[in-house]
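Subject: A structure for you to look at

Hello,

Here is the structure I wanted to hand over to you. Please have it open beside this message as you read my notes.

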Amino acid sequence: MEGLDEPPRYYLQHGFGYQCHDRSKPHHYRPARPGPHRLGGGGRTQDSMNFATWPALLVVDVEGNGTNPPDLVETAALPVRDGRPDKSTAGWWLTRPHRPITPFATRVHGLTNTDLADKPAWADVADRVRAFLGNAWICAHHAHTDYRVLAAHLPGWEPAGVLDTLRLAKDAFPDLGKYSLDKLIEHVQPDLREAPGARHRATFDAYATAQLLIAMASRYDTWDQLVAAAVPPGLPGAPEPERDPTLW
C-alpha cells in the first residue's frame with residue numbers, strides 16, 4: 001500500500017492478520033547485512049561500546065487487558081549479555097486478568113479471554129517475576145509505561161535503573177521525527193529473524209527493543225554516556241544534576 005501512516009496500517013494489520021507496509025518503504029525478508037551494522041550519521045560500529053562494562057540488564061515489555069489501570073496479561077523480561085539478547089534465560093509469563101480483555105486490546109496483541117482462561121492469576125506468579133527482575137536495570141520502549149505498570153503490580157520492587165529506547169532514539173536520531181517502535185525498526189533495521197512471536201506481543205517487542213538498544217548503544221563510548229542519554233528524569237538510575245561547588 002502507499003501513503004498510509006502507522007495508525008490506519010495497524011488497523012488493517014490486526015483486522016486481516018497480515019503485515020502491511022508502505023510501498024515506498026518495503027520490508028525485505030532476511031536482508032543482507034554484511035559486516036558490523038553501522039547507524040546512519042554516526043560512523044561507529046557495535047565495537048565502540050564495551051558491553052562487558054554493563055550491569056545486569058533486562059529488556060522488559062508488558063501487555064495489558066485494555067482497562068485503566070491495566071491488568072497484566074503478558075510479561076516478558078529478556079536479559080542482554082555481552083551485547084546480545086539471551087533468549088535462553090528469558091522470562092515470560094501469561095496471566096489471567098481480573099477484568100476481561102477489551103476488544104481493542106485483543107485487536108492490538110491478539111490475546112483473548114479464552115486464550116488466558118486456564119492461565120494463572122498475577123498473584124500466583126508475582127513472586128517469580130519479582131525474583132527474576134531482582135534489582136537489575138530494565139529497559140523498555142516508552143519506559144515510563146512499563147515501569148509504572150510493573151511497579152504497580154510488584155509493590156516495593158525497584159530496579160537499579162530504567163533505560164528508555166524512545167528517549168535514547170531522540171538523542172541518537174534527532175532528525176528522525178517519529179520514534180515509535182515500528183519507525184525505529186524501519187530506520188535501524190535490526191536483525192529480527194530470531195524474534196519470538198509477533199509484533200505487539202511482549203516477547204517480540206522485548207526482543208526488538210533489545211536489538212534497537214544494542215544498535216543505538218554503538219553511538220556512545222561508555223555506559224555513563226548511554227545512561228545520560230537514555231534514562232528519563234525522575235526514574236531510577238537518572239544521573240543526579242551537578243551541584244554548584246561550595247567552599248566546603
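**What I found**

Six of the eight residues of helix 6 (residues 181-188) are buried, so this helix is largely enclosed by the rest of the structure. Buried here means under 20% relative accessible area, exposed means over 50%, and partly exposed is in between, with a 1.4 Å probe and protein chains only. Helices (H or I, at least four residues) and strands (E, at least two) are DSSP runs, numbered from the N terminus. The buried residues of helix 6 are L181, D182, K183, L184, I185 and V188. Just after helix 6, Q189 has a positive phi of about 55°.

Before going on, a word on the basis of all this. The model is predicted, so please keep in mind that local features need pLDDT of at least 70 and side-chain atom pairs count only at pLDDT 80 or more, while totals for chains, interfaces and linings use all residues. Residues are numbered from 1 along each chain as its sequence is written, and side-chain values use heavy atoms, with hydrogens and water left out.

**Helix 7 and its surroundings**

Helix 5 (residues 165-172) packs with helix 7 (residues 202-217) at an angle of about 35°, and their axes are 11 Å apart. Axes are lines fitted to C-alpha atoms, for helices over the stretch in contact, and angles run from 0 to 180 degrees between N-to-C directions. The crossing of helix 5 past helix 7 is left-handed, that is, the near helix is turned anticlockwise from the far one by less than a right angle. Helix 5 contributes T165, L168, A169 and A172 to the contact, and helix 7 contributes T209, L213 and M216; contact means heavy atoms within 4.5 Å. By class, five of these residues are nonpolar, two are polar and none is charged. For the classes, Ala, Val, Leu, Ile, Met, Phe, Trp, Tyr, Cys and Pro count as nonpolar, Asp, Glu, Lys and Arg as charged, and the others, Gly among them, as polar.

Helix 7 also holds D205, which counts as buried at 4% relative accessibility. The side chain of D205 makes a polar contact with the side chain of R199 at 2.9 Å. A polar contact is a pair of N or O atoms within 3.5 Å; within protein, one must be able to donate a hydrogen and the other to accept it, and residues adjacent in sequence count only if both atoms are side-chain atoms. Leaving aside neighbours within four places in sequence, D205 is in contact with D61, E63, L181, R199 and H200.

H200 itself lies in the loop between helix 6 and helix 7. Its phi is near 80°, a positive value in a residue other than glycine, and H200 is buried, with a relative accessible area of 12%. Further along, A215 lies in helix 7 and is buried at 4% relative accessibility. A215 and V188 are 27 residues apart in sequence, with their C-alpha atoms 7.7 Å apart in space.

**Aromatic pairs**

How many aromatic pairs are there? The count comes to five, where rings of Phe, Tyr and Trp (its six-membered ring) pair if their centres lie within 6.5 Å, and planes under 30 degrees apart count as stacked, over 60 as edge-to-face and the rest as tilted. One of them joins W93 and F132: the ring centres are 5.5 Å apart and the planes are at 80°, so the pair is edge-to-face. W93 lies in strand 4 and F132 in helix 3 (residues 122-133), so the pair ties together parts that are 39 residues apart in sequence. W93 counts as buried at 11% relative accessibility, whereas F132 is partly exposed at 30%.

W137 and W223 are also edge-to-face, because their ring centres are 5.0 Å apart and their planes are at 85°. W137 is in strand 5 (residues 137-140) and W223 in helix 8 (residues 223-230), so this pair ties together parts 86 residues apart in sequence. Both W137 and W223 are buried, and together with F51 and W54 they form one aromatic cluster.

**Loops to look at**

T95, in the loop between strand 4 (91-94) and helix 2 (103-109), is buried, with a relative accessible area of 0%. Its side chain reaches the backbone oxygen of L72 at 2.8 Å.

The peptide bond from N68 to P69 is cis, with omega near 0°; P69 is in the loop between strand 1 (57-64) and strand 2 (72-81).

Best wishes
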